Amino acid sequence: MRRSVLEEAGYLDPAYQLLMDNLLWMCMAQKAPIIYTPQTWAAARYHDQAKNRTRGAAYGQEARRLIADLQSRPEFSGLIQADEKHILSGVERFDGFYLTEAGQPRQALRSYGRAFRLYPKMAAQD
């Protein structure tokens, strides 16, 4: 990434504990084009002490807060409003995935159910 884009996007927001990089990438994508490269540059590590296992239930909560934050920003509100059900269904799928990873299948099923009600075509993939 270019330093100037990072500075313009505003760095990581410490108000987020789990999705601060997601917010940063979205803000950077508003400032400059994202370019695909086929190489793997980073990877997530999954282990018993990883945040996705120990704090799985918190991911969906933070994702909902992130979407609400983005909706309040003029540069994102129109994009979200134009495809709101699709986006909110994605948030529920995201929540379901992390709840499953955290060993909470009942709560995960509820999230997947909400995803299906919002946007059946996308949720049916899971």
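Which side chain meets arginine 65 in a salt bridge? Glutamate 62, with N to O at 3.5 Å. A salt bridge here is a side-chain nitrogen of Lys or Arg within 4 Å of a carboxyl oxygen of Asp or Glu.

Some ground rules. This is a predicted model: local features need pLDDT of at least 70, side-chain atom pairs count only at pLDDT 80 or more, and totals for chains, interfaces and linings use all residues. Residues are numbered from 1 along each chain as its sequence is written, and side-chain values use heavy atoms, with hydrogens and water left out.

Back to that pair. Arginine 65 and glutamate 62 are three residues apart in helix α4, so about one helical turn separates them. Helices are DSSP runs (H or I, at least four residues), numbered from the N terminus. Glutamate 62 is buried, at 7% relative accessible area. Arginine 65 is partly exposed, at 38%. The cut-offs: buried is under 20% relative accessible area, exposed is over 50%, partly exposed is in between, with a 1.4 Å probe and protein chains only.

The structure holds seven salt bridges. Now look at arginine 64. Its side chain meets glutamate 92 at 2.8 Å, N to O. Arginine 64 sits in helix α4 and glutamate 92 in helix α6, so the pair ties together parts 28 residues apart in sequence. Arginine 64 also bridges to aspartate 95, the closest N and O atoms being 2.9 Å apart. Aspartate 95 is in helix α6 too, so this pair ties together parts 31 residues apart. Shared partners join Arg64, Glu92, Asp95 and Arg114 into one network.

How accessible are these residues? Aspartate 95 is buried, at 4%. Glutamate 92 is buried, at 8%. Arginine 64 is partly exposed, at 30%. Glutamate 92 touches residues including Ser111, Tyr112 and Leu118, not counting those up to four places away in sequence. Contact means heavy atoms within 4.5 Å.

Next, isoleucine 67, also in helix α4. Isoleucine 67 is buried, at 10%. The C-alpha atoms of isoleucine 67 and isoleucine 80 are 8.2 Å apart, across 13 residues of chain.

One backbone note. Tyrosine 11 is in the loop between α1 (3-9) and α2. Phi there is near 65°, a positive value in a residue other than glycine. Tyrosine 11 is partly exposed, at 45%.

Technical notes:
Helices (H or I, at least four residues) and strands (E, at least two) are DSSP runs, numbered from the N terminus.
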